Amino acid sequence: MSDKTCGESVSDGIWNRKPCANPAKVERNGKFYCGVHDPVRLAKLRSKQDAIYADRFEARNKKHQIERAAPELLAALQALDDACCADLEDRENRITFRKALISGRVAIAKALGETT
Ligand SMILES: [Zn+2]
């Protein structure tokens, strides 16, 4: 295979394409490719890159969910802070505390992207 060259075309650096001058390393479906242009290697690289982009998209999406829920999370924490200092022997205070807990759970679900 060393007498063959890669069958891919590459840019000449301006406007045109020219044949790749690298020696062929692999044959795929009757066509020869160098190590740079091997379609199997390129497909693996693309697959890895797609997985990296998908992970980044997912992380960015989670970050935005938390940012959107931040005001509700803060309000729920403040309500809990207020409610937990009250006398919980009092029925109204227990109701207020329970409402604050529920608000907190709703805010957490929103931050996690769960529908309620
Ligand atoms: Zn090549």
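## Helix 1

Helix 1 covers residues 39-84 and has 46 residues; helices here are DSSP runs of H or I with at least four residues, strands are runs of E with at least two, and both are numbered from the N terminus. From its first C-alpha to its last, helix 1 reaches 63 Å, close to the 68 Å expected at 1.5 Å a residue, where the expected span is 1.5 Å times one less than the number of residues. This is a predicted model, in which local features need pLDDT of at least 70 and side-chain atom pairs count only at pLDDT 80 or more, while totals for chains, interfaces and linings use all residues. Residues are numbered from 1 along each chain as its sequence is written.

A residue is buried if 20 or more other C-beta atoms lie within 10 Å of its own, exposed if 12 or fewer, and partly exposed in between, with C-beta atoms placed from the backbone.

## The whole protein

The C-alpha atoms fill a box of roughly 90 × 30 × 20 Å, taken along the principal axes. Buried residues make up 7% of the 116 residues.

## Glutamate 8

Glutamate 8 sits in the segment before strand 1 (9-11). It is partly exposed, with 19 other C-beta atoms within 10 Å. Leaving out residues up to four places away in sequence, glutamate 8 touches Cys20, Tyr33 and His37; a contact means C-beta atoms, placed from the backbone, within 7 Å.

Glycine 104 is 96 residues apart from glutamate 8 along the chain, and their C-alpha atoms are separated by 59 Å.

## Asparagine 29

Asparagine 29 lies in the loop between strand 3 (26-28) and strand 4 (31-33). This residue is exposed, with 5 other C-beta atoms within 10 Å.

Most residues other than glycine have a negative phi. Asparagine 29 has a positive phi of about 50° although it is not a glycine.

How values were computed: Contact = placed C-beta atoms within 7 Å.
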